[in-house]
Amino acid sequence: MSTSGPHIEVRRVYESDVAAAAGRRVLVDRLWPRGVSKRDADWDEWLKDAAPSTDLRRWYDHDVDRFAEFSRRYRAELRHAPASAAVDHLLAVAAQDGLILLTATRDVDHSGARVLHDALTGRAKASG
């Protein structure tokens, strides 16, 4: 890998080219995406522990005005088990294979997957 750290990106599960994306594809939503059968899923792993807790997800409710506070709370969750183990796993996957974080949300820039991406890239840079 390059000195800039492992390759980590965020994509929507509904994108037509997800199956061709380079890297390990990991669904990081707590809920299974609507309209996608488990048989037709184009990803390698579903890691629910990496997603925001149910309580936090319900509180946020994709209200962009709450995004800064959601991000703060979610980053705090990522520092504690079981999310911290999921973060360690994702960093190891990213370092070895590259990582595609998959989410079903429409607004990727204001999603848990974006916060997770930023937390992972920040940790990768700090340790590398």
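Me: How is the packing of two helices described?

Reply: Two packed helices are described by the angle between their axes together with the distance between those axes. In this predicted model, helix α2 (residues 67-78) and helix α4 (residues 112-127) have axes that come within 10 Å and cross at roughly 55°. The two helices, α2 and α4, are therefore oblique to each other, and their crossing is right-handed.

Me: Which residues of α2 and α4 meet?

Reply: On the α2 side they are F67, F70, S71, Y74, R75 and L78, and these meet G112, V115, L116, D118 and A119 in α4. Sorted by class, this contact of α2 with α4 has seven nonpolar, two polar and two charged residues.

Me: At what angle do the axes of α3 and α4 cross?

Reply: The axes of α3 and α4 come within 10 Å and cross at roughly 65°. Angles of 65 to 115 degrees count as roughly perpendicular, and that makes α3 roughly perpendicular to α4. The crossing in which α3 passes α4 is right-handed. From α3 the contact takes V87, D88, L90 and L91, and from α4 it takes L116, L120, R123 and A124. By class, the contact of α3 with α4 has six nonpolar residues, no polar ones and two charged ones.

Me: How much space lies in the largest pocket, and which residues are closest to its centre?

Reply: The largest pocket holds about 670 Å³ of space. It is lined by 24 residues, of which D29, L31, R57, H62 and T105 are the closest to the centre. The elements that give two or more residues to this lining are α1 (54-60) and α4, and α1 gives the most, with three residues. By class, the lining of the largest pocket has 11 nonpolar, five polar and eight charged residues.

Key. Residues are numbered from 1 along each chain as its sequence is written. This is a predicted model: local features need pLDDT of at least 70, side-chain atom pairs count only at pLDDT 80 or more; totals for chains, interfaces and linings use all residues. Side-chain values use heavy atoms; hydrogens and water are left out. Axes are lines fitted to C-alpha atoms, for helices over the stretch in contact, and angles run from 0 to 180 degrees between N-to-C directions. Helices (H or I, at least four residues) and strands (E, at least two) are DSSP runs, numbered from the N terminus. Angles under 35 degrees count as roughly parallel, over 145 as roughly antiparallel, 65 to 115 as roughly perpendicular and the rest as oblique. A crossing is left-handed if the near helix is turned anticlockwise from the far one by less than a right angle, and right-handed if clockwise. Contact means heavy atoms within 4.5 Å. Ala, Val, Leu, Ile, Met, Phe, Trp, Tyr, Cys and Pro count as nonpolar, Asp, Glu, Lys and Arg as charged, and the others, Gly among them, as polar. On a 1 Å grid over the protein atoms alone, a cavity is a set of points where a 1.4 Å probe fits but cannot get out, and a pocket is an open set with protein on both sides within 12 Å along at least five of seven lines; lining residues have an atom within 4 Å of a point. Grid points are joined across faces, edges and corners, and a volume is the space filled by probe spheres set on the points.
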